[in-house]
Amino acid sequence: MLDPGGQPSGIFGRRLDVDSPIFAIHDPENQPRDTAEALGKRKMAPRLDNLKGKTVYLVDTGFAGSADFMEEVQNWFTRNRPSVKTELRHKKTSMFTDEPELWAEIKKSGDAVVFGVGG
Amino acid sequence: MEDAYGVPTAPIVTARFVDYVQRDSRSHGMSLRYSFPPYPVGWVSRETLHGYVEGNDPISGVPLMEEVIFALTQPLTEAEKTYKAEKRPERPRLLEPDTETNLHRLFLENGWTDGLPIVLPTEERVEEMLTGTDRGPQEIVGMMSVTTHEERLQYTVERVAAIAVMAGARQEHFPVILALGASGRPSMPSSTSSFASMMVVNGPVRDEIGMNYGLGALSPVNYANAVIGRAWTLMSINFGDVRPGATFTASTGTTINYNNMCCAENEELSVWEPFHVRKGFKRDESTVSLFRGWTVLGFNTGPVQRMLEVMKSLSGPFGGAFTFVIDPLVAKSLKKEGYDDPMKLSEWLVNEMNPRFKRPEMVNFIVVGGEMNPVWVTTDFSYFQTAVVDPWIPAAGIRHDEKPLRMPEAVACADGSCGISR
């Protein structure tokens, strides 16, 4: 075996036997059977017939640029779908956190929601 | 919103993340109706964003806002109503036998390592590692994912032992590694912003396993610090399912991910209560505290008044969370200024110095170092949690090798002249 702090001397370490098989190596990604996190079945919500007279919440996720982007989305609705009422909201904390108060407000006062922008 | 609140939802995600959200749909069993503007949306002009909203989705070729309207009003298809989550295929406990060379290649090419050589987790080595705890090999330790949305994978004591072997650890390190695993926190959470993590050990276990909290504690000069920090990342890679570009999206990444600034606190030279005591634990409890952020900035600013001035002016990337890693000499200087409790300093910073310091509990101080220089390191790391090590330690105590492996320790100054405190 070479001394890692040694000086060049012309003496080299003996070659290790790299050809003999090794048995019983653990698979590092093996998971216990049937114990991964249970993900229950989730359902999408029924869709609206149309957006006329409806309230659509526009939620700015907080990623860079998304506040301006969602304002542009709101402007688009104003120009192209004036019958749709929009409510622009900005996430108060971060894009990764739950905000049940906002979700409850949307459930109570809104008919649909647009989230933007991810990434 | 779709499932829990029953509100039709139209998510807009930049086109760079099409694959990402498709995988998310498969793992959650819900195929949301995404629309994709071009990437990036950040740091572009308002005119550009206007063009994105008025323009087409580059993936589908359809006008973006038409897609949004469609997503909210078009009735659900049968496929959307019956979409199911995909479970991962089961994996065998043991790999196919092969030569050492081929196995090292297998581990590397499958992305099971951090790129550095590992110790192959043979059954014999893993069994030996398992003697480092009294816990049963099939006991569930925790669940982890490097993402915030994908299925978290469970792991047992035996799986953590395999990781500890890979990292080059010995049985004496195993309880701290198990405590890290039990936290369920990955050291390298997936974010385009490239998260870094830090772990700090307190309590008696520091000395029992030979951790370094003095000179060079954050440098590669200590065996325990090296392998424990590495084990956290190997757990994150394998249990947290790191797949670059798929589940792991750090744009630049960070070299801190290799070792996670693994160190212990210098409780002996600190003039303050140990960090874990400040967080409600007993002094004789052994713990590991976890932090996460992005930025590490070292200062060597001389007199403490100058240091406080620098703290006052901190800006740049720093947000509301700060964790200062300070040499014991700095803590002593601060105490002389009246800060006999670091919380006083945190409160002063928040209330009087700088609006970037948001809440006192978000400003933390860790005392690390060898009193060679009054240096301090500023991080924007948030403190997340403290995991207790003791439940993972065998009833008979830490299991040491007959002759524990130790790297050379810092040379002590016999006459005390090299340390102000001595």
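This is a predicted model: local features need pLDDT of at least 70, side-chain atom pairs count only at pLDDT 80 or more; totals for chains, interfaces and linings use all residues.
Residues are numbered from 1 along each chain as its sequence is written, and chains are lettered from A in the order in which they are written.

In the interface, 52 residues of chain A are in contact (C-beta atoms, placed from the backbone, within 7 Å) with 70 residues of chain B. Strand 4 of chain A gives the most to the side of chain A that touches chain B, with seven residues; strands are DSSP runs of E with at least two residues, and helices are runs of H or I with at least four, numbered from the N terminus. Strand 4 of chain A also pairs (at least two DSSP bridges) with strand 1 (residues 9–13) of chain B, in the parallel sense over four bridges.

| Helix pair | Angle | Axis separation |
|---|---|---|
| Helix 7 and helix 8 of chain B | about 120 degrees | 10 Å |
| Helix 6 and helix 7 of chain B | about 110 degrees | 9 Å |

Helix 6 of chain B is therefore roughly perpendicular to helix 7 of chain B, a term for angles of 65 to 115 degrees. In that contact, Arg125(B), Val126(B), Met129(B) and Leu130(B) of helix 6 of chain B meet residues of helix 7 of chain B including Val157(B) and Glu158(B).

Definitions and conventions:
Axes are lines fitted to C-alpha atoms, for helices over the stretch in contact, and angles run from 0 to 180 degrees between N-to-C directions. Angles under 35 degrees count as roughly parallel, over 145 as roughly antiparallel, 65 to 115 as roughly perpendicular and the rest as oblique. Two residues are in contact if their C-beta atoms, placed from the backbone, lie within 7 Å.
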